[in-house]
Amino acid sequence: MKNEWLLYVAIAGLSWGTYVPLIFYGGNELGGKSSARLMAILCVGIAYFVIAVLFPLFLFLSKQEEWPDLKTTGLVFSSLAGVAGAVGAICVVFASKSAVAAARAAEVHPDSFRIYIAPLIFGVAPVINTLVSTVWHPKPGEPFHFDLDLPGWKLWVGILLIGVGAALVLYSKEEAEVTKKQTAAAHNRPSPTATAPTTEKPS
C-alpha cells in the first residue's frame, strides 16, 4: 500500500483523540468515585499489557520478527516513553476527579472546570514536543546531547495556531456538552407553580 503510513497516522489520531472521552465515560459508568477511577486505570493497564507486551512478545517468540539489538540506552529510553504514556493516562483520570471536586467546592456545575482538561492537554502537548525537539538532539550511544537549534518563524506561528486551534475546538465541544446537560437539567426540574400548595380558602 503506497500511503499506508497515512492509515496509521489516522488510527493514532483517532486513538489519542478518543482516549479522554472514553476514560471519562468509563470512570463514570464504574461509579465515578476514587475506586472507580483506579479501576479505569487498571483497565487501561490491562489493555496496554495485551497490546504492548503480549503482542510484541508473540511476534518475537514466533520468529515473525527478529530480536533487535538490546542496547541499554534503547531499552531505558523506550521504557521512559512507556512511563510518560502511563503517567499521562493516569493524570487524565485524576485531573477529572480534581476538577469535579474543585467545581463542587466553588459551588458551580461539576463539569465547569473539567471542560478545560482535553483542550489544555492537546493544546499544550504539541508545543512541548517541539520545544523538547529544539534543544534535545540525541545521537547513537549519546542520549544526552543538547544543542539549541532555533527553527524559523513559520514553525513557531504554526505551533501557536495548532495549540490555539486544538484548544478552541475541544473547548467548544466540551462547552456545548455542558450547556446541553444544564438545559436538560433545567427542563427536568419541576415547576415551582406545579408543586406550590394552594392558599385559597373555601367559600
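**Exercise 1. Find how α2 and α3 are oriented relative to each other.**

Solution. This is a predicted model, where local features need pLDDT of at least 70, side-chain atom pairs count only at pLDDT 80 or more, and totals for chains, interfaces and linings use all residues. Residues are numbered from 1 along each chain as its sequence is written, and side-chain values use heavy atoms, with hydrogens and water left out.

Step 1. Identify the elements. Helices (H or I, at least four residues) and strands (E, at least two) are DSSP runs, numbered from the N terminus.

Step 2. Take the angle and the distance. α2 and α3 pack at about 160°, and their axes are 10 Å apart. Axes are lines fitted to C-alpha atoms, for helices over the stretch in contact, and angles run from 0 to 180 degrees between N-to-C directions.

Step 3. Apply the cut-offs. Angles under 35 degrees count as roughly parallel, over 145 as roughly antiparallel, 65 to 115 as roughly perpendicular and the rest as oblique. Therefore α2 and α3 are roughly antiparallel.

Step 4. The α2 and α3 crossing is right-handed. A crossing is left-handed if the near helix is turned anticlockwise from the far one by less than a right angle, and right-handed if clockwise.

Step 5. Name the contact (heavy atoms within 4.5 Å). On the α2 side, the residues include Leu 38, Ile 41 and Val 44. On the α3 side, they include Ala 89, Ile 90 and Val 93.

**Exercise 2. Describe how α1 packs on α3 and on α2.**

Solution. Step 1. Start with α3. The axes of α1 and α3 come within 10 Å and cross at roughly 55°. That makes α1 oblique to α3. The crossing is right-handed. Tyr 19, Val 20, Ile 23 and Phe 24 of α1 meet Ala 89, Val 92, Val 93 and Ser 96 of α3.

Step 1. Turn to α2. Here the axes of α1 and α2 come within 9 Å, crossing at roughly 130°. α1 and α2 are therefore oblique to each other. This crossing, too, is right-handed. Tyr 19, Ile 23 and Gly 27 of α1 make the contact with Ala 36, Ala 40 and Val 44 of α2.

Step 2. Check one residue. Leaving aside neighbours within four places in sequence, Ala 40 is in contact with Ile 23, Gly 27 and Leu 30.

**Exercise 3. Is Thr 130 buried or exposed?**

Solution. Step 1. Locate Thr 130: helix α4.

Step 1. Read the accessibility. Thr 130 counts as buried because its relative accessibility is 15%.

Step 2. Find the partners. Not counting residues up to four places away in sequence, Thr 130 touches Leu 155 and Ile 159.

Terms used: Buried < 20%, exposed > 50% of the residue type's maximum accessible area, 1.4 Å probe, protein only.
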